[in-house]
Amino acid sequence: MYRYDTIDKAFVADRAAEFREQVGRRLAGEITEDQFKPIRLLNGLYLQLHAYMLRIAIPYGTLTSKKLRKLAWIAKTYDQGYGHFTTRTNLQLHWIKLADAPDILQHLAEVEMHSMQTSGNTIRNVTADPYAGATADELDDPRVWAEAIRQWSTLHPEFSFLPRKFKIAVTAAAKDRAATRVYDIGLAMRRARTGELGFEVMVGGGLGRTPYLGPTIRQFLPSRHLLSYLEAIVRVYNRHGRRDNIWKARIKVLVASLGAEEFARQVEAEWAKGEPERADLPDTELARIRAAFTPAFEVLPARSEALERAKAADPAFARFLRHNVHPHKAPGYAIVDVSLKTPGETPGDMSSAQMEVVADLAERYSLDEVRVNYQQNLLLPHVRLDDLPAVHAALAAAGLATPNIDLVSDIIACPGLDYCALANARAIPVAQHIAKRFADPERAELIGELKIKISGCINACGHHHVGHIGILGVDKKGEEFYQVTLGGSGEEDAALGQMLGPALPADKVTDAIEQMVEVYLRERKSGERFLDTFRRTGVAPFKEAVYADAH
Amino acid sequence: MPTRIKIEDGGYMAPSEDPFTYVADDQDLVQGDLILSLTRFQAEGDRLLSEGRAVGVRLRSDEEVEVLAYDLPRIAVVALEFPKFRDGRPYSNARILRERYGYKGEVRAVGDVLREQAGFMLRCGFDAFEPADGSGAQQWQAATQRFRHVYQRAADGREPAFVERER
């Protein structure tokens, strides 16, 4: 786990001091809300429907017990005792007072955290594969590169006023757990025939009003040139991205209008004019960062008798193992998913008490690491097999052991109209209603992998375009309606969902999900997930089932 | 006339009298040193320079400094216009002027120039500023000195963190 050195510490301390001075000017009435807005937006502070919302950056979704405890304390002290993890692996506090914000930033700085660039038209908090450093299928720890990007993008003097927000995701595994095809820049590590490591560079993916899967503009970029190449991409975008229309300002529109080939040509031309060594990190710095991401695993047997006994004795634990526990690269270890999707609860919400439980578990059982993933769940990445029964028991006691990872009730939902000023419709109650309908774990297991994603407006924070079932809230003459799409995926088989049919009223959504699940169970062939069946049959049988009443 | 803040030797910022007059396209030329739009510079620059005047060019944010590549040695000032503080294109123009063309003349920030942007501007190679928010040289200087460290190389010659760490 990367630790701040004196330079990083001074940086966030300076930032907190700067913000304290700026908030002071605002509270003293020296500047208006209009003048203050761009300042607070450089520090992740939004004015929402009911209060200020502070979005705290969790770079590449990695936390330590100390950081998570501090987040728990901040939520308890300055908010209502809970926080909301987002699809960008950040934490949002929705009930913040402006006067408290400088103190909060100072407390965050004490644990090497901040809220810089979680808003505004900047390079946002970088995300990475949540299994980084724990999965056997990666070529490298992507957090080494994500940390390099974090530093390079922090208060970048040229790129702090881009046409629009800008998001980068990094993976080094074949299985894409970072949704790299739907990012402004997606980086997927590859190995060349020579053995050299590099990145496949995808640019111009994104969701929102006009969803695109990002085309590859370079098959192989030697990894040592990552930062200079990023600088070339972002410069082309800064200079040529549209600034006249907020709906056409993302880089995806520039890439789509130029065509991926021409965009790539412009990037290569820009890159060729620069001096890469001015931006690229020297090997010593990369080595320094890399050393921070090498946890010391014990040498353990691959099989744990304690685990096998507990599994045989407790069916609930066995179910938890089937759905929430994943193989680790080191023998005798496992990756444990902590579900924030207990049916009836708000997806991604976590109380301060729950954060403290997970922090304690991380410290004791997971080499002091916690991860946040874009599915709005947490992970304990390095748990010994022998310890799994104890970890399960502690999670269950805190309401965090719902065995539903990737199942029908593991729903992604944005905050929606309950909090967000941009939303057209509520998302949370829709998610809660569906999850409750499918609360029976036997039934959920029978249905298998099914990813439902809900957004309360076209900005698509809930990733609905890439849900196996996507649900988008729309406003029809003051009433909440929901458009359903099918067949999306944000993974290595990335696809955008297809429209099911006319939007449904709120009280029909859960019934429609149930009808579509019935179609799937009827139509599926052996081994097919919902997504596979849909891709084989197409939309027709699903459409027929949902709109049967209407005929 | 807007106040101009200029970086003096040693990095000190001070208000300084502006010897240049900006003449908009619909205004008549005046005596002395001038700053003109790109179009007007291209039409009248040769003649004005031959009269022994110093001439600067003011670029809109949608104009790219590459158009000045061959003229830079005889241009005294490049004024880069921020139509809104949110328009980030002048930052790229400034860096290219300094880092790619090695331009040594004055690079001036004009338009919606706010002190919250001062640090970014300085790093990208601006050395003269016409603040639109009434901030004075002292406030401007303070705004550029908030951070003891930086993470990237830019046009200002500051050592980035990864170089500091090697010492």
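**A few residues in chain A**

Mentor: Let's start with contacts: leaving out residues up to four places away in sequence, Val23(A) touches Leu98(A), Ala101(A) and Pro102(A). Contact here means that the C-beta atoms, placed from the backbone, lie within 7 Å. Keep in mind that this is a predicted model, where local features need pLDDT of at least 70, side-chain atom pairs count only at pLDDT 80 or more, and totals for chains, interfaces and linings use all residues. Residues are numbered from 1 along each chain as its sequence is written, while chains are lettered from A and ligands numbered from 1 in the order in which they are written.

Trainee: Thanks! Is Val23(A) buried or exposed?

Mentor: Val23(A) is buried, because 22 other C-beta atoms lie within 10 Å. The cut-offs are 20 or more for buried, 12 or fewer for exposed, and partly exposed in between, with C-beta atoms placed from the backbone.

Trainee: And which helix does Val23(A) lie in?

Mentor: Helix α1, residues 6–27 of chain A. Helices are DSSP runs of H or I with at least four residues, strands are E runs of at least two, and both are numbered from the N terminus.

Trainee: New topic: what is the phi of Glu112(A)?

Mentor: About 65°, a positive value although Glu112(A) is not a glycine. Most residues other than glycine have a negative phi.

Trainee: Where is Glu112(A)?

Mentor: In the loop between α4 (101–110) and β6 (127–128). Glu112(A) counts as partly exposed, because it has 18 C-beta neighbours inside 10 Å.

Trainee: What about the phi of Asp368(A)?

Mentor: Positive too, near 65°. Asp368(A) sits in the loop between α13 (352–365) and β14 (369–372).

Notes:
Two residues are in contact if their C-beta atoms, placed from the backbone, lie within 7 Å.
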